[in-house]
Amino acid sequence: MKRFSPILFLVVFSTSALLTQAQFTGNTSGSVSFSRPITNAPGYPFLYSLSAGDLNGDGIPDLAVTATIDGSALSYALGAGDGMLKSWSYANAASLPAFVLLADVNGDGNLDALTSDGNFGFIEIDFGDGHGDFPSSTSVNTVYFDGPLAVADLNKDGIADIVGTFYSGGTGYPGGVAVVLGTGHGIFGPERHFGSGGVNPVAFAVGDLNHDGIPDLVVANNGSRPSFGSVTVMIGRGDGTFLPPVRYNAGEYPSSIAIGDFNGDGILDVAVTDTRKVYILLGNGDGTLSAAKGYWGGISPGPVVAADFNGDGKLDLAVVNFLSTSDQVSVLLGNGDGTFQAPRHFPTGGTGSYQMVVADFNVDGKPDLATVNYVSGNISVLLNITAFPGEKP
């Protein structure tokens, strides 16, 4: 398996936040716009993963972030309701936290923080108290959870389960999918492993692709040069296992996945990025996907998310572009038929933007964006200031 090997030195960043009220519409005109980025640094470098959720029940999204530095680094900050963040607090994390997810894993209605471990592949869970703190934690004894995580009820027992991907790291094993089934109250059973149908799975999404009420997986297998990667669909059986993966081509090295109904037919579709384009694979309703169609997503497209960014009732896409000085987000407005317009670009205010989340950070009913920026050591919040239908521009 791959194990992260970050540079083991610490640079301390002071917490700061900046908001300018001026509208910034990027270098392409269009019916979507964002404010200049609000930047905030939790106090350490090499920020790696970001998750959003309401930790204290006030209706305002909060953020949790991890860093790939020597030692546990999980911090979280409550949202102020204007796109800014309050002071940072700290909680337990995996020894080298590669990914963070906010989800309710013990069924008490409060969001918990889950981190996967880039060194030893176990899961650390910090249990939320519903007031914005994590007073207790536990470790789930696993060895293969070293990448992205998701929480879903995979075996239809009403209890949260955890699924994740693990990366091969050049050991000869291609990587795959790992699952631990919940037994209740934040306790989990033994780890199970499944092949992902490709090499080096780096991202996945969970959704019901065939309308049977059972969660399915869509996995981005990044590949291993000189071989190309793939996208695979793993249909859930309803007992925590999956049918054999079905492979689809979507660019050379798929790296990020988002799912949603992009053509309005009530069936989940798939968006995936590779090093050059964003590819759309429309769902057929039976768990299969159509052939991929590519769209220009800016320079070096990375993380992708889906939301209705201009209020027209059609799902759009936002993609992070990795640039040499300051990264940018490219928004591809959806036409409602599964096709997308040319991207509009907005700077993130940081470099090395590794992950992106969607949430309404200023509680105005519009989806905003936040990126975690590995190189610059900060988090950027981009407020959506698009004039929605019925609003004055």
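Predicted model: local features only at pLDDT ≥ 70, side-chain atom pairs only at ≥ 80, totals over all residues.
**Reading an all-strand model**

Student: How many helices and strands does the chain have?
Tutor: There are 30 strands and 0 helices. Of the 393 residues, 56% are buried. As for contacts between residues at least 6 apart in sequence, 48% of them join residues at least 24 apart.

Student: How do I read strand pairing, say for β8 and β9?
Tutor: The general idea comes before the case. Strands of a sheet pair through backbone hydrogen bonds, in a parallel or an antiparallel arrangement. Here, β8 (residues 97-103) and β9 (residues 112-117) pair in the antiparallel sense, over 6 bridges.

Student: Is β8 mostly covered or uncovered?
Tutor: Mostly covered: 7 of its 7 residues are buried.

Student: Which residues have the most contacts inside the largest nonpolar core?
Tutor: Again, the general idea opens the answer. In soluble globular proteins, nonpolar side chains tend to be buried together. In this chain the largest nonpolar core has 19 residues, and those with the most contacts inside it are Leu 47, Leu 50, Leu 63, Val 65, Phe 361 and Ile 379. At least two residues of this core come from each of β4 (47-53), β5 (62-67), β7 (85-91), β28 (353-359), β29 (368-373) and β30 (378-382). β5 gives the most, with 3 residues.

Student: What is Val 65 in contact with, beyond its neighbours within four places in sequence?
Tutor: Its contacts include Leu 47, Leu 50, Trp 88, Val 100, Val 372 and Ile 379. Apart from this core lies another, of 17 residues, with Leu 209, Tyr 248, Val 270 and Leu 289 among them.

Student: Now for an open sheet: in what order do β24, β25, β26 and β27 stand?
Tutor: These 4 strands run in the order β24-β25-β26-β27, with antiparallel pairing.

Student: Why is one side of β24 and of β27 left without a neighbour in the sheet?
Tutor: β24 (301-307) and β27 (344-347) are at the edges and each has a single partner strand, so one side of each lacks a neighbour in the sheet. From one strand to the next, the twist averages 25°.

Student: How many bridges join β26 and β27?
Tutor: β26 (residues 328-332) pairs with β27 over 4 bridges, in the antiparallel sense.

Definitions and conventions. Residues numbered from 1 in each chain as written. Heavy atoms only, no water. Buried < 20%, exposed > 50% of the residue type's maximum accessible area, 1.4 Å probe, protein only. Contact = heavy atoms within 4.5 Å. Pairing = 2+ DSSP bridges. Core = buried A, V, L, I, M, F, W, Y, C linked by side-chain atoms within 4.5 Å. Axes fitted to C-alpha atoms, helices over the stretch in contact; angles between N-to-C directions.
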